Amino acid sequence: ELKEEITRILTANNPHAPQNIVRYSFKKRAYEPINYVDQMAVHFSLNGNMIPKDSDEGRQQSIRLSTAAGKLIHLSFLSSEKAPVETFAVTSEEAEIKDEASIGDTQEEAGGSGTAETAARAEAEEPPPSGVKEQKLANQFNFTERASRTLNNPMQDRACQMEPTPYKNFSATANQWEIYDAYVEELQKMERSKEKEKSKAQVPKREEEKMKGRKLTSLESQVDDITKISKVAKIMERMVNQNTFDDIAQDFKYFEDASDEYRDHEGTLLPLWKFQYDKTKRLAVTAISWNPKYKDLFAVGYGSYDFLKQGQGMLLLYSMKNPSFPEYVFSSESGIMCLDFHNNHPYLVAVGFYDGNVAIYNLKKAASQPSYKSSANSGRHTEPVWQVKWQKDDLDNNLNFFSVSSDGRIVSWTLVKNELVHTDVIKLSGGGTTMQGPEGLQLQTLGCGTSFDFHKKIDNLFLVGTEEGKIYKCSKYYSSQFLDVFEAHHMAVDSVSWNPYHLKVFISCSSDWTVKIWDHTIKTPMFVYDLNSAVGDVAWSPYSSTVFAAVTTDGKAHVFDLNINKYEALCTQLVVAKKNKKITHIQFNPVYPVVIVGDERGHVTSLKLSPNLRRMPKEKKGQEVKKGPEVEIAKLDKLLNLVRDPESKA
């Protein structure tokens, strides 16, 4: 794009010529557009007064000049004291000249003989007498150049002296009572301002109109001024950051690693921007999600996986256009463990907290607290909420999302009349295991849900991963039983996700160091990968059915492409500065070849995939490259057929 040449063609058409002139046609009795448009533009025109000698008008003018010269000669002779005979001779000669001139004119007009014409022409071309000066035609192009110069004004120095600003010496001794009184006064001012805000909300419109006329205090006017320039300041901040991180922006847009050709299908991850915020240094990144509408915007949830050190949480929204500061900042009393954007309403964010509550943040509203939040009365979870997912609106067009928690409940939350109403979809059992309680009672243990994902096409079908390592295939229509149970892992299932293209395939990862790819119709995994460390998260790529990425607690990111190498990763790279930093989450950008990873120190890093990690099918001569979901499904099916049992194939 930087080297693109833009050609401009100059034409003879007048850009100011009107193209839609209409004239009235008396024949058709209607206005008709004129097809021909005069494209000529006149820049200068001057009417001349010179005529050629050979033309009729030129001859008449020469004869007129000669007669005028003859009259002058006659007058000079009259004034002189010569004989009258000579005067008579001159006048007779003059009369003869006049007669001959008139005869010549009449012969020319009547088309007379050639001899008379030549005689008249010769007489007309005779030079005037030497005594008369020839009158030259005036030259219209004579001009005079005039110039003038104005006087330079002399420089003047002016100075003024201001009165010195008044000042006063003040001295006092501060004791504890005065300091205490000052704090109390400040608190009282804050309480008064809060009461004023509450009263403003209750004042009717008429009173509000009256209050508009009053003068604002300095503090209120200052707040208004800040809000007026906030948008302009944000644009300026983005421009400054674009200049500061210009080399990274150029890499993001244009850089392609040419050394991939010599790496034998292996790829690399190029670090781009790093996102960090001062108040989240001691918090871990617990959730990442891209906005479905604005492809440069993503949300990050902050909390803590250390269950002995639980504190506040934060929700930040970053844009790749401004890596130095978040676009939105929300703080919460409890740590945020999961979040999800609504597909149709990208300004709504569903959030799950460590204390078991769920909430909905509305980015359109300038409020620091969530717009809707669950409570103990509305059926909140009793354990941390590990994942939330938006679903399609219900039959009454109410917003609807699901949550899974360690208390074994999968709950559907519906927004009805500005309140969150819960419905228990299913309860996870501990696989029939019982625990010995007091006085010999047999207590049934509940499964602890850690992750879940809904099918892309079949709305009622979803998968649930548990702390015991099992994956349950469930349906919204059956609340008392599971459709299937997979003995997937030996430790907690950290993430489970359906393939975006293939309807039967899903992937799971666990703290037992493994990533497994499954066909939900078969109980055994299709592919198993051991990554030598606990796997924190796994994600399918949006552009290929065979590409996925995983992150491990040793600070490495692994990118696989089953179509190129189904045995090992194409890229295994350390993406954090220190090995003791655990990476917790990874997400692919839906449009750009970029992934973002979050670690337990609150940092989010963006990385660009090299060409080998996003290789598309090559074009063959004379053949068009087939693209689309059907091609991706066939590509993954071909790989699965290699590892399926003959019985399962049948």
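User: In which sense do strand 20 and strand 21 pair, and over how many bridges?

Analyst: Strands are DSSP runs of E with at least two residues, numbered from the N terminus, and two strands pair if DSSP finds at least two bridges between them. In this predicted model, local features need pLDDT of at least 70 and side-chain atom pairs count only at pLDDT 80 or more, while totals for chains, interfaces and linings use all residues. Residues are numbered from 1 along each chain as its sequence is written, and side-chain values use heavy atoms, with hydrogens and water left out. Here, strand 20 (residues 470-475) and strand 21 are antiparallel and share four bridges. One of the residues involved is I471, whose bridge partner in strand 21 is F486.

User: What is the strand order of the open sheet, and which strands stand at its edges?

Analyst: The order of this four-stranded open sheet is 18-19-20-21, with antiparallel pairing. Strand 18 (449-454) and strand 21 (484-487) are at the edges; each has a single partner strand, so one side of each lacks a neighbour in the sheet. On average, neighbouring strands are turned by 20° against each other, direction ignored; the axes are lines fitted to C-alpha atoms.

User: Why is strand 27 described as largely enclosed?

Analyst: In a regular strand the side chains alternate between the two faces of the sheet. A residue is buried when its relative accessible area is under 20% (1.4 Å probe, protein chains only). In strand 27 (residues 547-552), six of the six residues are buried, so the rest of the structure largely encloses this strand. One side carries V547, A549 and V551, the other F548, A550 and T552, and both faces are covered.

User: Which strands pair with strand 27?

Analyst: Strand 26 (residues 535-540) runs antiparallel to strand 27, with five bridges, and a hairpin of six residues joins them. D537 has V551 as its bridge partner in strand 27. Strand 28 (residues 556-561) also pairs with strand 27 in the antiparallel sense, over five bridges, and A549 is bridged to V559. The hairpin between strand 27 and strand 28 has three residues between the strands, and G555 takes a positive phi near 85°.

User: How is the aromatic pair of W540 and F548 arranged?

Analyst: A pair of aromatic rings is described by the distance of the centres and the angle of the planes. Rings of Phe, Tyr and Trp (its six-membered ring) pair if their centres lie within 6.5 Å, and planes over 60 degrees apart count as edge-to-face. The whole structure holds 25 aromatic pairs. W540 and F548 form an edge-to-face pair, 5.7 Å centre to centre with 70° between the planes.

Note on methods:
Buried means under 20% relative accessible area, exposed over 50%, partly exposed in between (1.4 Å probe, protein chains only). Axes are lines fitted to C-alpha atoms, for helices over the stretch in contact, and angles run from 0 to 180 degrees between N-to-C directions. Rings of Phe, Tyr and Trp (its six-membered ring) pair if their centres lie within 6.5 Å; planes under 30 degrees apart count as stacked, over 60 as edge-to-face and the rest as tilted.
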